[in-house]
Amino acid sequence: QMQLVESGGGLVLAGGSLRLSCAASGRSFSARPMGWFRRAPGKEREFVALISKSGDSTYYGESVKGRFTISRDNTKNTVDLQLNNLQPDDTAVYYCAAARAYDEAYIYIRGASVYDYWGQGTQVTVSS
């Protein structure tokens with residue numbers, strides 16, 4: 001069993017930055033690729049970023065490439081998401097998720113269906 005708790009959301013002006021953090025409890029954190037997703041009002045859940053078990057490989061959704069950065073610390077069981085140059089379209093609830101202990105390339109292809117654990121989410125609101 002694993003529990004994920006996100007923090008760091010808030011209200012920010014367009015062009016601003018936020019840093020989201022996800023703290024994981026339970027075993028097997030370092031054995032799992034970790035991801036971030038988001039859901040905006042009235043929209044479907046969207047893939048944001050994925051990081052490999054060791055942290056040496058990352059994947060990003062097209063809409064956030066070059067602006068967001070995912071990182072992890074396996075000694076602290078945390079995964080962070082740095083959000084830069086935020087825009088109103090980035091407004092959403094952001095979720096941290098722990099994938100099955102597969103290769104991250106497979107996780108990236110399969111998407112949300114291969115994630116076992118999800119956090120409760122943290123709200124990010126970007127005003128213009």
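Me: How many salt bridges does the count come to?
Reply: This one's a predicted model, where local features need pLDDT of at least 70, side-chain atom pairs count only at pLDDT 80 or more, and totals for chains, interfaces and linings use all residues. Residues are numbered from 1 along each chain as its sequence is written, and side-chain values use heavy atoms, with hydrogens and water left out. A salt bridge here needs a side-chain nitrogen of Lys or Arg within 4 Å of a carboxyl oxygen of Asp or Glu. By that rule, the count is seven.

Me: How many residues apart in sequence are the parts that Arg 32 and Asp 116 tie together?
Reply: The two side chains meet in a salt bridge, 3.0 Å from N to O. Arg 32 sits in the loop between β3 and β4 while Asp 116 belongs to strand β10 (residues 115-118), so the parts they tie together have a sequence separation of 84 residues. (Strands are DSSP E runs of at least two residues and helices H or I runs of at least four, numbered from the N terminus.)  So the value is 84.

Me: Is Arg 32 buried or exposed?
Reply: Buried means under 20% relative accessible area, exposed means over 50%, and partly exposed is in between (1.4 Å probe, protein chains only). Asp 116, its salt-bridge partner, comes out at 35%, so partly exposed. Arg 32 has 11%, so it's buried.

Me: Which residue forms a salt bridge with Arg 100?
Reply: Arg 100 is in the loop between β9 and α1 (104-110), and its partner is in strand β10, 16 residues apart. The closest N and O atoms are 3.1 Å apart, and the partner is Asp 116.

Me: Which residues do salt bridges that share partners join into one network?
Reply: Start with Arg 38 and Glu 46, whose side chains meet at 2.8 Å, N to O. Arg 38 is buried at 5%, whereas Glu 46 is partly exposed at 29%. Shared partners give one network: Arg 38, Glu 46, Arg 67 and Asp 90.

Me: Is the pair of Phe 37 and Tyr 115 edge-to-face or stacked?
Reply: Rings of Phe, Tyr and Trp (its six-membered ring) pair if their centres lie within 6.5 Å; planes under 30 degrees apart are stacked, over 60 edge-to-face and the rest tilted. The structure holds seven such pairs. For Phe 37 and Tyr 115, the centres are 5.0 Å apart and the planes sit at 90 degrees, so the pair is edge-to-face.

Me: At how many degrees are the planes of Phe 37 and Trp 118?
Reply: Phe 37 is in strand β4 and Trp 118 in strand β10, 81 residues apart. Their ring centres are 5.0 Å apart and the pair is tilted, with the planes at 55 degrees.
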